[in-house]
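Trainee: I've got a new model open and I'd like to learn how to read it. Can you walk me through it?

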Amino acid sequence: MKTKLLLSIFTILLLLITACNKKPTSTADQSTTNNTVFIEKGLEIAGATQATMSAQLKQAMETGGVPNAVQYCNVAAYPIADSLSKIHHATIRRVTDKSRNPANAMNEREQLIFKQFKEKWNAEQPATPIVEQLENGEIAFYAPITLQSLCTNCHGKLGETLQPENYAVIQNLYPQDKAIDYVEGDLRGMWSIVMKK
Ligand code: HEC
């Protein structure tokens, strides 16, 4: 339910943004206009990264099941984010409060933003993307990442959606893994994208 709600909110937001862009912006407040532009850009970058990762993940799962896909995530999550980072002139990260790879843990600022998403989430309110200007003038974009049913193969409940033999492969690569026990629709983490100047 929550996933659907969020997705429809994103779609509405995207439609609004697209609609707004067609209007002349001369009368609009400058900072609002900028925020809209950056939210649109952030959604585009997150969407493209998500699409590339999901397509490859599905292919890896079809080819060799979860163990093969785990190896894939292990070696490919960074190169994909890196190459897309170059294309979009941004730093693309997926961060979380319960990390699989400790490198994806949140910094202090991200923790504060995630707290806001989580509060909205718990209250079943829309958790829409947030943009802010960093001290160096660059723009940070944050948006929630939710769990789909496919994801529970590797992030789900042990012995239920997550098979013990598959989890053994994961634990072997990620001995400090905390990223399990999720169900479909859960808030899994967030995109943290910094758009460079
Ligand atoms: C085949 C197993 C597998 C599936 C399916 C999978 N993941 Fe992951 N996930 C991983 C692995 C392995 C990592 C660690 C990647 C790395 O080293 O950065 C990871 C990392 C992540 C991270 C980064 C934060 C962290 O914990 O390190 C997020 C966010 C995430 N996954 C979300 C998802 C979502 C959402 C889905 C479904 C669309 C999904 N995953 C499906 C295996 C999987």
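**Reading the ligand site**

Mentor: Keep in mind that this is a predicted model. Let's start with where the ligand's shell comes from: helix H2 (30-88), strand S3 (139-146) and helix H4 (152-155) each supply at least two of its residues.

Trainee: Which element gives the largest share of the shell around the ligand?

Mentor: That's H2, with six residues. In total, 22 residues surround the ligand, and the closest are Cys 151, Cys 154, His 155, Tyr 174 and Arg 188.

Trainee: What is the protein donor of the iron atom of the ligand?

Mentor: For a metal, look for N, O and S atoms within 2.8 Å. Here the only protein donor is NE2 of His 155, at 2.2 Å from the iron. You'll find His 155 in helix H4.

Trainee: Which polar side-chain atoms lie by an oxygen atom of the ligand?

Mentor: For polar contacts, look for N or O pairs within 3.5 Å. Asn 104 places a polar side-chain atom 2.7 Å from a ligand oxygen. Tyr 174 has a side-chain N or O atom 2.6 Å from a ligand oxygen, and for a polar side-chain atom of Arg 188 the distance to a ligand oxygen is 2.6 Å.

Trainee: Moving on to the rest of the protein, how many salt bridges does the structure hold?

Mentor: Five. One to look up joins Lys 118 and Asp 97, with N to O at 2.9 Å. This pair links distant parts of the chain, 21 residues apart: Lys 118 is in helix H3 (residues 108-122), while Asp 97 is in the loop between strand S1 (90-95) and H3.

Conventions: Residues are numbered from 1 along each chain as its sequence is written. This is a predicted model: local features need pLDDT of at least 70, side-chain atom pairs count only at pLDDT 80 or more; totals for chains, interfaces and linings use all residues. Side-chain values use heavy atoms; hydrogens and water are left out. A residue is near a molecule or strand if one of its heavy atoms lies within 4 Å of it. A polar contact is a pair of N or O atoms within 3.5 Å; within protein, one must be able to donate a hydrogen and the other to accept it, and residues adjacent in sequence count only if both atoms are side-chain atoms. Helices (H or I, at least four residues) and strands (E, at least two) are DSSP runs, numbered from the N terminus. Donors are N, O and S atoms within 2.8 Å of the metal (3.2 Å for Na, K and Ca); water is not among the atoms, so sites may look incomplete. A salt bridge is a side-chain nitrogen of Lys or Arg within 4 Å of a carboxyl oxygen of Asp or Glu.
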